[in-house]
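Hello,

Here is the structure I said I would pass on. Please look through it first, and then read the notes below.

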Amino acid sequence: MTDDDRFELFAYWRTSATYRVRVAFNLKGVPRRETNVDIDAGEQHAEAFRRINPLGGIPALIDHAPGQSHVPLTQSLAILEFIDEMYPQPPLLPADAHGRARVRSIAQMLAADTHPLITPRVRKYLAANAGFDADAWRAWQIQWFGTGLRAVEQRLASEPGTGRFCHGDQPTMADICLASIFAVMRVFKVDFDDIPTAKRVMVECERLEAFAAAAPARQAGAPAL
Ligand SMILES: N[C@@H](CCC(=O)N[C@@H](CS)C(=O)NCC(=O)O)C(=O)O
């Protein structure tokens, strides 16, 4: 097995949670191969994928190294921590406990409290059970992207930990999660003009090839936009 074959990432071109894992691998310079799970076609709910993640969500990651259990890892934040422990440089978390708590908190505001509300399973439920059409869904997206991003903006603009990036001058998990929300907002053409600090941090992230190369538009299967 070569290094290129070790990590199998179950992925789809446009998903926010997969984007996070791509950026982490890119920042560490670690290769992975991707297995496509077409969530627009519902492949995440197929029996074969439910055995990998019973919740029917991507990403999932399998470490095919000999001697490993090959049990799939799920949840992007857990996978980011796994990658950071396996490949400590450059670190995705600050060196001090207060800093780590702040970074994890910002990351979870985005990945745990914002992103789940705009997933395909929520859209399908609202369409089937609450009469949501395309306009209602768009209003829902704007509501919940906006709630999460404005709360993060308030913290980034006021807390002393903020630097060039969400925390200090190096990218951390907080930046990965922030950029993952922007990435999917671009796909859905949602924007806000009252989050200047978050946008400034995004500019810093996008200067880095690790982030730019993870963009939905640059993935296999992405439509020509
Ligand atoms: N909390 C999970 C979220 C996983 C998740 O919901 N992923 C989305 C794509 S970004 C998905 O696969 N959704 C499928 C669906 O909602 O049916 C993580 O961070 O990994």
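**Helix 7**

Ala151 is a residue of helix 7, which covers residues 134-158. Please keep in mind throughout that this is a predicted model. Is Ala151 buried, partly exposed or exposed? Its relative accessibility is 31%, so Ala151 counts as partly exposed. Along the sequence, Ala151 and Ile195 are 44 residues apart, while in space their C-alpha atoms are 9.4 Å apart.

Ile142 belongs to helix 7 as well. This residue is also partly exposed, because its relative accessibility is 35%. Setting aside residues up to four places away in sequence, Ile142 touches Val190 and Phe192. For Ile142 and Arg22, the separation along the chain is 120 residues, and their C-alpha atoms are separated by 25 Å.

Four strands form an open sheet in the order 2-1-3-4, and the pairing is mixed. Which strands stand at the edges? They are strand 2 (33-36) and strand 4 (73-74); each has a single partner strand, so one side of each has no neighbour in the sheet. Helix 2 (residues 16-28) packs on the sheet and touches strand 1 (7-11), strand 2 and strand 3. The direction of helix 2 makes about 150 degrees with that of strand 1.

As background, strands of a sheet pair through backbone hydrogen bonds, in either a parallel or an antiparallel way. Both kinds can be followed here from strand 1. Strand 1 pairs with strand 2 in the parallel sense, over four bridges, and Phe10 has Thr35 in strand 2 as its bridge partner. Strand 1 pairs with strand 3 in the antiparallel sense, also over four bridges. There, Leu9 has Leu61 in strand 3 as its bridge partner. Strand 3 (residues 60-63) in turn pairs with strand 4 in the antiparallel sense, over two bridges. In this pair Ala60 stands opposite Thr74 of strand 4.

How many residues of strand 1 are buried? The count is five of the five, so strand 1 is largely enclosed by the rest of the structure. In a regular strand, side chains alternate between the two faces of the sheet. In strand 1, Phe7, Leu9 and Ala11 point one way, Glu8 and Phe10 point the other way, and all are buried.

**Arg102**

Arg102 sits in helix 5 (residues 97-111). Its relative accessible area is 9%, so Arg102 is buried. The side chain of Arg102 makes a polar contact of 2.9 Å with the side chain of His167. His167 is also one of the residues in contact with Arg102 beyond its neighbours within four places in sequence; the others are Arg155, Leu156, Glu159, Gly161, Thr162 and Cys166.

**The ligand**

There are 16 residues around the ligand, and the ones that come nearest are Gln44, Ile58, Gln75, Ser76 and Arg121. Where are the polar atoms? An N or O atom in the side chain of Gln44 is 2.8 Å from an oxygen atom of the ligand. For His45, a polar side-chain atom lies 3.4 Å from a ligand oxygen atom. With Arg121 the polar atom belongs to the backbone, and its distance to an oxygen atom of the ligand is 2.8 Å. Taken alone, the ligand exposes 510 Å², of which the protein buries 92%.

**Backbone details**

Most residues other than glycine have a negative phi, and most peptide bonds are trans. Some places in this model depart from that pattern, and they are listed here.

- The peptide bond from Ile58 to Pro59 is cis, with omega near 15 degrees. Pro59 is in the loop between helix 3 (47-50) and strand 3.
- The peptide bond from Gln89 to Pro90 is cis too, with omega near -15 degrees. Pro90 is in the loop between helix 4 (76-86) and helix 5.
- Gln75 is not a glycine, yet its phi is positive, near 75 degrees. Gln75 is in the loop between strand 4 and helix 4, and it counts as partly exposed because its relative accessibility is 49%.
- Lys189, also not a glycine, has a positive phi of about 55 degrees. Lys189 lies in the loop between helix 8 (173-187) and helix 9 (196-206), and its relative accessible area is 59%, so it is exposed.

Regards

Notes: Residues are numbered from 1 along each chain as its sequence is written. This is a predicted model: local features need pLDDT of at least 70, side-chain atom pairs count only at pLDDT 80 or more; totals for chains, interfaces and linings use all residues. Side-chain values use heavy atoms; hydrogens and water are left out. Buried means under 20% relative accessible area, exposed over 50%, partly exposed in between (1.4 Å probe, protein chains only). A polar contact is a pair of N or O atoms within 3.5 Å; within protein, one must be able to donate a hydrogen and the other to accept it, and residues adjacent in sequence count only if both atoms are side-chain atoms. Contact means heavy atoms within 4.5 Å. Two strands pair if DSSP finds at least two bridges between them. Axes are lines fitted to C-alpha atoms, for helices over the stretch in contact, and angles run from 0 to 180 degrees between N-to-C directions. A residue is near a molecule or strand if one of its heavy atoms lies within 4 Å of it. Accessible areas come from the Shrake-Rupley method with a 1.4 Å probe; for residues, only the protein chains shown count as cover.
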